[in-house]
Amino acid sequence: MSESQPLPLIERPRRLRRTAALRGIARETHLSAANLIAPLFVKDIDTPEPIASMPGQQRLPIDGLVDEARTLFSRGIPGIALFPAIDDAKKTPDASGALAPDGLYPRAIRAVKEAVPALLVITDTALDPYSSDGHDGLVADGQILNDETITLMQEIAVLHADCGADMIAPSDMMDGRVGAIREALDTMGHTDTAILSYTAKYASAYYGPFRDALDSAPRKRTGIPADKKTYQMDPANSDEALRELRLDLEEGADLVMVKPALPYLDVIHRVRQASDVPVAAYHVSGEYAMLHAAAQNGWLDLQATALEALVGIRRAGADAILTYFAKDAAQWLRESGAGA
Ligand code: PBG
């Protein structure tokens with residue numbers, strides 16, 4: 001064989017990887033700030049409190065929340081998902097704090113909508129921030145009550161919509177809540193308030209840092225389950241995600257979500273293929289914490305791994321990603337001048 005003779009290859013995929021310009025043309029998936037939603041924590045405090053297990057994230061007082069909302073919006077982030085950190089002393093078994101019209105959550109929603117009206121505010125109807133049991137639903141006789149919880153969530157959803165919330169996001173996994181919330185919103189004239197359903201929310205150990213942030217872990221007490229396995233999904237299942245999807249679409253969900261993201265990319269993909277509404281994925285607190293922990297040890301490059309994770313979630317089929325990296329990623333994408 002003569003030395004200068006090329007191999008008889010007709011296809012050489014490397015031709016399209018030769019320069020940045022060629023790679024740009026060949027790129028199939030794009031990541032931009034417009035895909036990212038920032039989860040934020042608000043608390044009745046005067047100064048921000050750092051969250052140890054989520055480096056860079058804080059519990060914010062309402063004025064700090066408003067500043068953060070402005071910054072995010074200026075970086076091209078279209079929305080925030082807001083979570084309230086409630087003092088332990090105010091948590092009760094009936095989670096009634098969630099219904100106070102002048103409570104922390106309603107005040108925070110109004111403040112953000114007033115300051116940055118075009119920023120989408122997504123609110124949560126699960127009871128866990130207000131529940132002394134740390135559960136998303138009401139607890140009686142060691143059971144999580146489905147239908148009673150839904151009645152409460154209908155009232156919470158209407159309260160949030162009254163305050164200007166753009167989207168209601170039930171994260172509780174009770175059966176039938178999307179339809180019930182839709183009906184309650186419509187009855188009260190909130191026909192334009194959207195529902196972002198946590199459609200396939202798994203009973204995941206990756207929520208640990210979030211539960212630190214809100215001090216909302218299910219409490220270990222006699223007669224009360226210390227985990228959420230009777231309502232959140234079994235990590236081993238994905239057909240079941242399609243069943244939840246069918247129900248949410250029948251009940252009127254405007255967007256559907258899979259959570260967590262990276263361990264469930266196959267579920268995101270299946271939901272994307274079966275769904276005719278936008279699909280969101282929640283890149284959760286533990287996924288954020290583990291990249292930060294490795295980066296702090298000098299074991300991984302934070303920016304590169306975070307952007308790779310986010311583009312992977314997009315490639316699996318997510319239109320929107322809830323991620324604690326939203327603010328940083330928007331900045332990184334702007335600096336690099338292009339999608340990842
Ligand atoms: C509670 C809720 C959780 C998260 C969002 N809403 C925790 C849980 O279900 O226990 C987790 C988010 C994260 O880990 O980033 N309804």
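Begin by selecting the ligand, which sits in the largest cavity, where "sits in" requires more than half of its atoms to lie within 2 Å of the grid points. A cavity here is a set of points, on a 1 Å grid over the protein atoms alone, where a 1.4 Å probe fits but cannot get out. This is a predicted model, in which local features need pLDDT of at least 70 and side-chain atom pairs count only at pLDDT 80 or more, while totals for chains, interfaces and linings use all residues. Residues are numbered from 1 along each chain as its sequence is written, and side-chain values use heavy atoms, with hydrogens and water left out.

Next, show the residues around the ligand: there are 17 of them, and the closest are Asp-128, Arg-211, Lys-259, Ser-285 and Tyr-324, a residue being counted if one of its heavy atoms lies within 4 Å. Coloured by class, this shell divides into eight nonpolar, three polar and six charged residues.

Now turn to the polar contacts, pairs of N or O atoms within 3.5 Å. Select Ser-171, whose side chain has an N or O atom 2.7 Å from a nitrogen atom of the ligand. Then select Lys-228, which places a polar side-chain atom 2.7 Å from an oxygen atom of the ligand, and Ser-285, where a polar side-chain atom also lies 2.7 Å from an oxygen atom of the ligand. Of the 410 Å² that the ligand exposes when taken alone, the protein buries 100%, as computed by the Shrake-Rupley method with a 1.4 Å probe.

Of the 18 residues that line the largest cavity, the closest to its centre are Asp-128, Lys-201, Tyr-207, Phe-210 and Lys-259, and lining residues have an atom within 4 Å of a point. Helix 6 (residues 208–214) gives the largest share of this lining, three residues, helices being DSSP runs (H or I) of at least four residues.

From Lys-259, step along to Pro-260: the peptide bond between them is cis, with omega near -10°. Pro-260 is found in the loop between strand 10 (255–259) and helix 8 (265–274), strands being DSSP runs (E) of at least two residues.

Note on methods
A polar contact is a pair of N or O atoms within 3.5 Å; within protein, one must be able to donate a hydrogen and the other to accept it, and residues adjacent in sequence count only if both atoms are side-chain atoms. On a 1 Å grid over the protein atoms alone, a cavity is a set of points where a 1.4 Å probe fits but cannot get out, and a pocket is an open set with protein on both sides within 12 Å along at least five of seven lines; lining residues have an atom within 4 Å of a point. Ala, Val, Leu, Ile, Met, Phe, Trp, Tyr, Cys and Pro count as nonpolar, Asp, Glu, Lys and Arg as charged, and the others, Gly among them, as polar.
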